[in-house]
Structures are given as C-alpha cells and as structure tokens.
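Here is a short report on a ligand site and the space around it.

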Amino acid sequence: MPVEEFVAGWISGALGLVLGHPFDTVKVRLQTQTAYRGIVDCVVKTYRHESLLGFFKGMSFPIASIAVVNSVLFGVYSNTLLALTATSYQDRRAQPPSYTQVFIAGCTGGFLQACCLSPFDLVKVRLQNQTEPRAQLGSPPPRYRGPVHCVASIFREEGPRGLFRGAWALMLRDTPSLGLYFVTYEWLCRQSTPDGQNPSSATVLVAGGFAGIASWMIATPLDVVKSRVQMAGLKQREYRGVLDCMVSSARQEGLGVFCRGLTINSARAFPVNAVTFLTYEYLLHSWG
Ligand SMILES: C[N+](C)(C)CCCC[C@H](N)C(=O)O
C-alpha cells in the first residue's frame with residue numbers, strides 16, 4: 001500500500017488547518033451561541049474580550065489530530081482508487097478514473113476520516129465555545145483548562161461514549177460531502193487541463209478552493225446539527241439523536257438555522273482547500 005499519500009495528506013492538511021482556524025472559531029460560535037448578530041459582530045466581540053488568541057482556541061488538538069485525519073482521508077481515497085482502477089497516483093493522469101470511482105473513493109475516505117475525527121472534533125468545539133478571556137485574577141476559570149482536561153472531564157461527566165457525541169452526525173456530514181469534494185476537484189482540473197497532462201498550480205489552487213466550497217455547501221446543514229449535538233452534553237438541552245436535533249432546531253428557529261455558518265464556511269474553505277490540494281499534489285509530484 002503506497003504510504004506517500006498518507007504523509008502528503010498530513011502535511012497539506014496541517015498547513016490548511018492553521019490558515020482556516022480563526023474562521024472556524026467564528027463559525028462554531030455563530031452556530032451554537034445566540035450572543036452574536038453576525039460574522040462581524042462575532043469577530044469584534046471575540047477580539048475585544050479575548051484578543052487575537054481567542055480565534056486560536058481549540059487549535060492544538062486539531063493540529064495533533066490532522067496527522068491522522070487528513071492522512072486517512074487522502075491515503076484511503078488514493079488507495080481505494082488504486083483498488084478500484086488498478087492505477088497508482090503516477091498513472092492517474094494518463095488513465096483517469098471515472099467520476100463514479102472518484103466519488104466512491106471520496107466517500108470511503110470521508111467515512112473513515114470521520115471515525116477518527118469525531119473525538120478530536122468534539123474537544124475542539126467545546127474549547128472554541130468557551131468565551132471567557134484568558135485566566136484573570138478573580139474571574140471564574142473556564143470549565144475546561146485545556147484539551148487534556150477537556151477529554152478527562154468529558155470522560156468523567158459523560159462517560160466514555162460521551163467522547164463520541166456527535167459521531168453519527170459527523171459521519172453523515174462527511175461521507176457524501178467528501179465524495180463531492182474529490183469529484184469537484186477532479187472535474188475542475190480536467191476542464192482546464194489538456195488530456196493526459198498534470199494540472200498547473202493555478203488550476204490546482206482554484207479547483208481545490210472550489211472543491212472545498214462545494215463540499216462545505218452540502219455539509220453545512222449537518223455541520224450545524226453536529227455542533228449542536230456535541231454541545232448538548234454540556235447544556236441543559238439534551239437531544240435524543242440527530243433527527244431530534246434537526247426537528248427541534250427547525251421548529252424553534254426555522255429552516256434558516258441549517259444555513260448558519262454557510263458564509264463563513266465557504267470563506268474559510270477556499271484558502272484552506274486550495275493550500276491543501278496544492279501541497280498534496282506538489283509533494284506527491286516531487287516524490288514521484
Ligand atoms: C466534508 N467537509 C465539508 C466537512 C470538509 C471538507 C474539506 C476538508 C478540509 N480539511 C476542510 O477543513 O475544509
């Protein structure tokens with residue numbers, strides 16, 4: 001099994017992640033809290049109360065976990081294509097796989113990455129939602145002191161299964177949307193590249209960026225549900241499951257609730273995924 005794809009997936013994911021984390025914090029807050037009027041209001045308030053550091057809350061775990069998560073996504077994607085088409089990364093431009101094969105490989109990668117991502121994502125969301133400024137004398141300490149303390153507290157208060165809260169919603173969010181992610185990327189690359197040739201860097205950047213946007217567009221409704229189910233263990237509000245969360249969110253706040261975070265997700269998705277794909281292609285090309 002070729003391992004380069006796993007390593008390239010890790011490095012490219014880490015670069016994309018740091019770039020996108022501030023957008024991600026604003027998104028999570030907009031989706032789960034009612035204190036903000038919109039993106040600008042959330043950015044201003046976060047900056048005023050918590051300084052620039054506020055935007056980077058909850059980043060250490062994703063950085064550590066991206067090694068697993070993005071390498072599983074890209075590694076499984078590429079190895080599934082290898083199993084389906086018997087072509088390795090190097091021959092794929094000459095003998096391109098069909099879009100159905102790309103979709104199946106993307107869904108497989110998406111499903112397995114969601115399994116790995118779930119507990120890390122939960123900790124990220126819980127930490128991002130702590131709006132207290134950095135520890136100050138006299139102010140009450142935040143509930144979680146850091147990622148490790150957060151894991152230990154969830155384990156103690158909500159049991160080992162508590163660490164997988166939101167896992168179903170995450171799998172539903174990521175399986176089809178990552179299938180679409182790779183199909184969009186491949187389609188855009190093929191549109192602007194002569195047959196059999198490698199796409200230019202500019203093409204990879206644009207195709208990667210739009211693949212990210214397309215995939216986040218269809219993922220956002222389930223992203224809202226996922227974030228809410230993940231926060232539910234903390235708040236009084238307990239949902240019976242994914243469907244219950246969908247129905248009660250829609251009843252209370254209208255269907256518009258499923259679009260929360262759409263603008264910011266798309267704004268974040270372009271640079272993050274442009275950089276991810278460019279780094280991935282570049283690394284594999286130079287090792288090839
Ligand atoms: C499937 N879903 C849309 C959730 C993510 C797709 C893109 C993955 C990328 N690491 C990113 O964070 O943008």
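In this predicted model, the side chain of Asn273 places an N or O atom 3.0 Å from an oxygen atom of the ligand. Arg268 has a side-chain N or O atom 2.9 Å from a ligand oxygen. For Trp216, a polar side-chain atom lies 2.9 Å from an oxygen atom of the ligand.

| Residue | Side-chain atom | Ligand atom | Distance |
|---|---|---|---|
| Trp216 | polar atom | oxygen | 2.9 Å |
| Arg268 | N or O | oxygen | 2.9 Å |
| Asn273 | N or O | oxygen | 3.0 Å |

How much of the ligand's accessible area does the protein cover? On its own, the ligand has 370 Å² of accessible area, and the protein covers 89% of that.

The residues around the ligand include the three in the table, Trp216, Arg268 and Asn273. Arg173, Asp174, Ser177, Leu178 and Tyr181 are also around the ligand.

Next, the cavity. A search of the whole structure turns up one cavity of 30 Å³ or more. The largest cavity holds about 610 Å³ of space. Its lining has 33 residues. Closest to the cavity centre are Gln113, Leu117, Arg173, Trp216 and Arg268.

H1 gives the most, with seven residues.

Last, an annotated span. An unreviewed UniProt entry places a "transmembrane region" at residues 61-84. In the model, residues 61-84 are 100% helix and 0% strand. The end C-alpha atoms of the span lie 34 Å apart.

Terms used. Residues are numbered from 1 along each chain as its sequence is written. This is a predicted model: local features need pLDDT of at least 70, side-chain atom pairs count only at pLDDT 80 or more; totals for chains, interfaces and linings use all residues. Side-chain values use heavy atoms; hydrogens and water are left out. UniProt positions are given in the numbering used here, feature names are shortened, and annotations may be inferred rather than shown by experiment. Helices (H or I, at least four residues) and strands (E, at least two) are DSSP runs, numbered from the N terminus. On a 1 Å grid over the protein atoms alone, a cavity is a set of points where a 1.4 Å probe fits but cannot get out, and a pocket is an open set with protein on both sides within 12 Å along at least five of seven lines; lining residues have an atom within 4 Å of a point. Grid points are joined across faces, edges and corners, and a volume is the space filled by probe spheres set on the points. A residue is near a molecule or strand if one of its heavy atoms lies within 4 Å of it. A polar contact is a pair of N or O atoms within 3.5 Å; within protein, one must be able to donate a hydrogen and the other to accept it, and residues adjacent in sequence count only if both atoms are side-chain atoms. Accessible areas come from the Shrake-Rupley method with a 1.4 Å probe; for residues, only the protein chains shown count as cover.
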